[in-house]
Amino acid sequence: MRVRVCGSPHVVRAICATCLFRPYYVRASANACGFGRRIWKFGAKTVGFLERHGIIYQHLIRAVFHQRSMDNPRAAGVLLHPTSLPGKFGIGDLGPEAFSFADFLNSAGQTFWQILPLGPTGYGDSPYQSYSAFAGNTLLISPERLAADKLLTSAELKGRPKFKQGRVDFGAVYEWKNKILHLAFESFKRSSNDDLAGEFDTFQQHNNWWLDDYALYRALKLSHDHKAWYEWPAELKLRDPHAIQTAANELAENIREQKFHQFLFFRQWHAVKNYANGRGVRIIGDVPIFLALDSADVWCNRDKFKLNADGSPRVVAGVPPDYFSKTGQLWGNPIYDWDAMRRDDFRWWAARIAFTLGTVDVIRLDHFRGFAAAWEVPGTDETAENGAWVDVPGRELFSALRRHLGDLPVIAEDLGFITPDVVELRDSFGFPGMKVLQFAFGGDAHNQDLPHNYTRNCVAYTGTHDNDTTIGWWHAAETRPVGSVPRAPTPRPQPDSAVHLHCKTYLNTTAAEINWDLIRAAWASVAQTAIAPLQDILGLGSEARMNLPASTNNNWTWRFGPKDLTEKLAKRLRDLTDLYARTPR
């Protein structure tokens, strides 16, 4: 990532809140127009950071000054990644079904649509192993909207493969989407659509500080058989200036195509987000704490990570043995060199968070405990068992972010092995933590995931993307030994387990609809916000599980059906949301 200086020290270049690609200028002074005065009053720190480092953020003005905090008295929402939307193109996308889902949330009285990270996926198709902290996942680009822009023909849409129903086949989708995105780029080059060309030029100008390097990285991957950057020739791997310039010249056309794909993604994403916001629905995004080793960010910022001279990691991230795995989880992500980050006042992190707040309204910080200490595993180990906790300057980081950007709308994912220093870090910055009802039962009354132990400043979940669905969890709990996490429910009910007895007694239920029992418990709690995965609202079993941690097969593929969201379901959810005063005012 490169930063550049822009403009007058008193002028902020912003992007129109209704269109990512039409720039205008706002003078940040007390004598400015009403909009400018709001910037001056609420965002002088952010303005200063933007101007010092010359970074342009899409929709940042909207995000910072209109959606700054999660200050609803009470609210509710639904967790669903866009890949899980229905549709006929093999994967959920940013087309008509995304707008329909926003309509469903509005009719159901929901305030939040929570998603997973939006970055381009790499190994294992995991949104938590992305090629970039800034780029978008082009698999989410809607072919129908490309056709509406006259970038694809109806014949090209009809030529799609016969995709699986109800699951994402990432291999088939990747092959077909790349084909039609190339066709769209070729169509764009032949087009006389000056408006679209102007929008693309504006997008490149305002995002070149990350886009140039990302597009070169993707073009180089393509020209090197999709190999990771640390497997490229040394002069490219280590970014020799002459080799980089030569490659940029030779790959200029593919670089421009990669930029165009990103333009299409953000153009479509912001149309969905603006529509949802207009329907009273705010987006909760997700920022993974770590980056994939094979990413543009690590390639371009090797000095910010604990790497060997050849680019291989000295240590990698993971978590120690836990509920999900007896040998721990070896994530394999490189670890930040926090001393190097500290030397420039955490500028890379400030850019990342500010950019993300231009894309979503609220941020869920994944693996929050990693901001207090990280589990560092030797880079050559094959399991996470031999790691060690190493302190992280989280307080310095968040203090710097607050200086640069002001107060942040953040949810701290404080699950797993949580120590007092993690709690103190979270509470000292006022970040709401997470409570998960599936973790609440089978122990004693002091379990912090039981609703009577909640404080207002938290977000209550029935489960997360890493949990089984509530129906799947309930059936698995019938015979599940402690520590095991099966994918499928047991075929026939067994005598009540301790989890069942505790849950039934606590919730005063027969568990005939255990998914709605947990939704009701979350919605009724004092938690400021309550969220349920769509799978729980639909009452689906383990076949709809999104992810099984410490595994690499059959994850991230679930999709709901085109007839699953009914008016009856929306009314039931809205009635419950009304009952517990979580409907938007």
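The protein has 20 helices and 14 strands, where helices (H or I, at least four residues) and strands (E, at least two) are DSSP runs, numbered from the N terminus. This is a predicted model, in which local features need pLDDT of at least 70 and side-chain atom pairs count only at pLDDT 80 or more, while totals for chains, interfaces and linings use all residues. Residues are numbered from 1 along each chain as its sequence is written, and side-chain values use heavy atoms, with hydrogens and water left out. Of the 585 residues in the protein, 59% are buried, a term that stands for under 20% relative accessible area, whereas exposed stands for over 50% and partly exposed for what lies in between (1.4 Å probe, protein chains only). Among the contacts with a separation of 6 or more, 74% are between residues 24 or more positions apart, a contact being a case of heavy atoms within 4.5 Å.

- Strand 3, which covers residues 75-79, is mostly covered, since 5 of its 5 residues are buried.
- Ala75, Gly77 and Leu79 point one way from strand 3 while Ala76 and Val78 point the other way, and all are buried; in a regular strand the side chains alternate between the two faces of the sheet.
- Strand 3 pairs in the parallel sense with strand 14 (residues 529-533) over 5 bridges, and two strands are said to pair if DSSP finds at least two bridges between them.
- Within that pairing, leucine 79 stands opposite proline 533 of strand 14.
- Strand 3 also pairs in the parallel sense with strand 4 (residues 112-114), over 3 bridges, and here glycine 77 stands opposite phenylalanine 112.
- Together with helix 3 (residues 96-107), strands 3 and 4 make a right-handed β-α-β unit, where right-handed means that, with the strands pointing away from the viewer, the path from the first strand over the helix to the second runs clockwise.

**Strand 8 and its neighbours**

- Strand 8 (residues 362-365) is covered on both faces, with Val362 and Arg364 on one side and Ile363 and Leu365 on the other, all of them buried.
- Strand 5 (residues 282-287) and strand 8 pair in the parallel sense over 4 bridges, and glycine 285 has isoleucine 363 in strand 8 as its bridge partner.
- Strand 8 and strand 11 (residues 410-412) likewise pair in the parallel sense, over 3 bridges, with alanine 412 in strand 11 as the bridge partner of leucine 365.

- An open sheet of 4 strands has the order 7-6-9-10, with antiparallel pairing.
- Its edge strands are strand 7 (329-334) and strand 10 (388-391), each of which pairs on one side only.
- From one strand to the next, the twist averages 50°.
- Strand 9 (residues 373-378) and strand 10 pair in the antiparallel sense over 4 bridges, and valine 390 in strand 10 is the bridge partner of alanine 374.

**Helix packing**

- The axes of helix 3 and helix 20 (residues 567-579) come within 8 Å and cross at roughly 45°, where axes are lines fitted to C-alpha atoms, for helices over the stretch in contact, and angles run from 0 to 180 degrees between N-to-C directions.
- Helix 3 and helix 20 are therefore oblique to each other, given that angles under 35 degrees count as roughly parallel, over 145 as roughly antiparallel, 65 to 115 as roughly perpendicular and the rest as oblique.
- In this pair, Phe104, Asn106 and Ser107 of helix 3 meet Leu569, Ala570 and Arg574 of helix 20.
- Helix 6 (residues 170-190) and helix 10 (residues 252-278) pack at an angle of about 100°, with their axes 10 Å apart, and are therefore roughly perpendicular to each other.
- Helix 18 (residues 514-524) is largely enclosed by the rest of the structure, because 9 of its 11 residues are buried, including Trp516 and Trp523.

**The nonpolar core**

- The largest nonpolar core has 162 residues, of which Phe101, Trp113, Trp210 and Trp349 touch the most other members; such a core is a set of buried Ala, Val, Leu, Ile, Met, Phe, Trp, Tyr and Cys residues joined through side-chain atoms within 4.5 Å.
- Helix 7 (residues 194-223) gives the most to this core, with 12 residues.
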